[in-house]
Amino acid sequence: MAKDVYTAREAAQALGISLDTLRRWDRDGRIRTKRDAANRRVVSAREIARLRGDDTGHMSARNRLRGTVKSVRVDGLLAQVEILVTAPARVVAIVTRDAVEELGLEPGSAATAIVKSTSVMVER
């Protein structure tokens, strides 16, 4: 049975980010957290699903590799995004500069590489 609320550590793990990143996102307003009776951060399952993109349902791709952005190199209109995925591997995608800016990709942010046919897409 799935939980409705996760501790900050559990949420960070589910999102593929560090606990420090989760705290920073909370301070920056990028993630919605609440406080429990002991004043510890907790995150709803719905918020985790929102950040992971689990509730989008608009892509048919089945190969999703969740990980953390290691580097972003922007050159003109294109950007190279390197994602360290959970498995002992990494995925490098060439995307538009606009996509990097729209998704807010930066080293340390959670991202998902979506592999479909010969294309690699990035979502956040």
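**Helix faces and a nonpolar surface patch**

L78 lies in strand β5 (residues 78–85), with helices (H or I, at least four residues) and strands (E, at least two) taken as DSSP runs numbered from the N terminus. The model is a predicted one, in which local features need pLDDT of at least 70 and side-chain atom pairs count only at pLDDT 80 or more, while totals for chains, interfaces and linings use all residues. Residues are numbered from 1 along each chain as its sequence is written, and side-chain values use heavy atoms, leaving out hydrogens and water.

L78 is partly exposed, at a relative accessible area of 46%; buried stands for under 20%, exposed for over 50%, and partly exposed for what falls in between (1.4 Å probe, protein chains only). Together with L77 and I94, L78 makes a nonpolar surface patch of about 340 Å². Such patches are made of residues with over 30% relative accessible area and no salt bridge, nonpolar side chains (Val, Leu, Ile, Met, Phe, Trp, Tyr) being joined within 5 Å and like charges within 9 Å. A salt bridge here is a side-chain nitrogen of Lys or Arg within 4 Å of a carboxyl oxygen of Asp or Glu.

Turning to the helices, α1 (residues 8–15) has A8, A11, A12 and L15 as its buried residues. These cover an arc of only 100° around the axis, so they sit on the same side of α1; the arc is that of the directions from the helix axis to the C-beta atoms. R9 and Q13 are exposed on the other side of α1. G16 follows α1 with a positive phi, near 75°.

In helix α2 (residues 19–28), L19, T21, L22, W25 and D26 are the buried residues. They cover an arc of only 160° around the axis, which puts them on the same side of α2. Exposed D20, R27 and D28 are carried by the face of α2 turned away from its buried side. Just after α2 comes G29, with a positive phi of about 80°.

Note on methods
Areas by Shrake-Rupley, 256 points an atom, 1.4 Å probe, with all protein chains shown as cover.
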